[in-house]
Amino acid sequence: MFGKENDRAFLLPLNQLLGFIGAHEWHKKGIHLEALGGKIHVPFGVFSPLRGEYLDLIAKVPLNPNFQTAFDIGTGSGVIAALLAKRGIARITATDTNPQAIACAVKNIRHLGYERQVEIQTVSLFPEGRADLIVCNPPWLPAKPTSPIETALYDTDHGMLKAFLNGWLHI
């Protein structure tokens with residue numbers, strides 16, 4: 001997460017410092033995901049799929065064999081887009097607005113060898129066009145984030161969920 005733009009000293013509360021250290025270690029080591037058959041690397045500030053129930057669901061749910069395109073809304077680490085690529089979806093557009101998530105997803109998709117199938121865009125929710133399949137794992141807790149790492153977990157007043165549902169209805 002921290003590059004040249006963040007090379008100044010900074011203060012963090014202890015809980016965030018511990019989260020930062022833990023995320024850094026997970027990022028270095030990578031997270032092996034059985035459903036993916038590989039590792040992803042997730043830096044501090046991007047949601048890390050440590051609990052993989054939803055990933056197993058995506059890996060196992062029957063897909064219409066005619067599906068050729070998909071949108072992964074709020075891609076984060078890019079893990080869902082990678083799973084869809086592994087499942088044979090020919091063209092996936094993964095979107096996010098978090099610059100750290102975009103950089104993370106680009107690296108993971110490249111590392112896993114899916115860059116021909118997955119295009120990552122800095123877009124709020126839906127990209128242009130249509131897709132056969134739309135997947136989203138939105139922040140699910142209805143509270144206000146108190147730090148950047150929490151934005152992947154907390155959805156103030158269900159804002160992203162409402163925007164996703166309203167946007168989906170208009171596609």
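Me: What stands opposite T93 in β5?

Reply: E119 in β5 stands opposite T93. The model is predicted: local features need pLDDT of at least 70 and side-chain atom pairs 80 or more, while totals for chains, interfaces and linings use all residues. Residues are numbered from 1 along each chain as its sequence is written, and side-chain values use heavy atoms, without hydrogens or water.

Me: What makes β4 and β5 a pair?

Reply: Two strands pair if DSSP finds at least two bridges between them. β4 (residues 91-96) and β5 have five bridges, in the parallel sense. Five meets that cut-off, so they pair. Strands (E, at least two residues) and helices (H or I, at least four) are DSSP runs, numbered from the N terminus.

Me: Why is one side of β5 and of β6 left without a neighbour in the sheet?

Reply: The sheet is open, with four strands in the order β5-β4-β3-β6 and parallel pairing. β5 (118-122) and β6 (133-136) stand at its edges, each with a single partner strand, so one side of each has no neighbour in the sheet. On average, neighbouring strands are turned by 20° against each other, direction ignored.

Me: Which strands does α3 touch, and what counts as contact?

Reply: Contact means heavy atoms within 4.5 Å. Helix α3 (residues 79-86) touches β3 (69-73), β4, β5 and β6. The direction of α3 makes about 175° with that of β4. Axes are lines fitted to C-alpha atoms, for helices over the stretch in contact; angles run from 0 to 180 degrees between N-to-C directions.

Me: Why is α3 called mostly covered?

Reply: Buried means under 20% relative accessible area, exposed over 50%, partly exposed in between (1.4 Å probe, protein chains only). Seven of the eight residues of α3 are buried. Among them are V79, L83 and A85. Just after α3, G88 takes a positive phi of about 105°.

Me: Why does L14 count as exposed?

Reply: L14 has 58% relative accessibility, so it counts as exposed. L14 lies in helix α1 (residues 14-29).

Me: Where is K144, and why does it count as exposed?

Reply: K144 is in the loop between β6 and α5 (159-169). At 66% relative accessibility, K144 passes the cut-off and so counts as exposed.

Me: What is K144 in contact with, leaving aside its neighbours within four places in sequence?

Reply: K144 is in contact with Y154 and T156. K144 and Y154 are ten residues apart in sequence and 6.0 Å apart in space, C-alpha to C-alpha.
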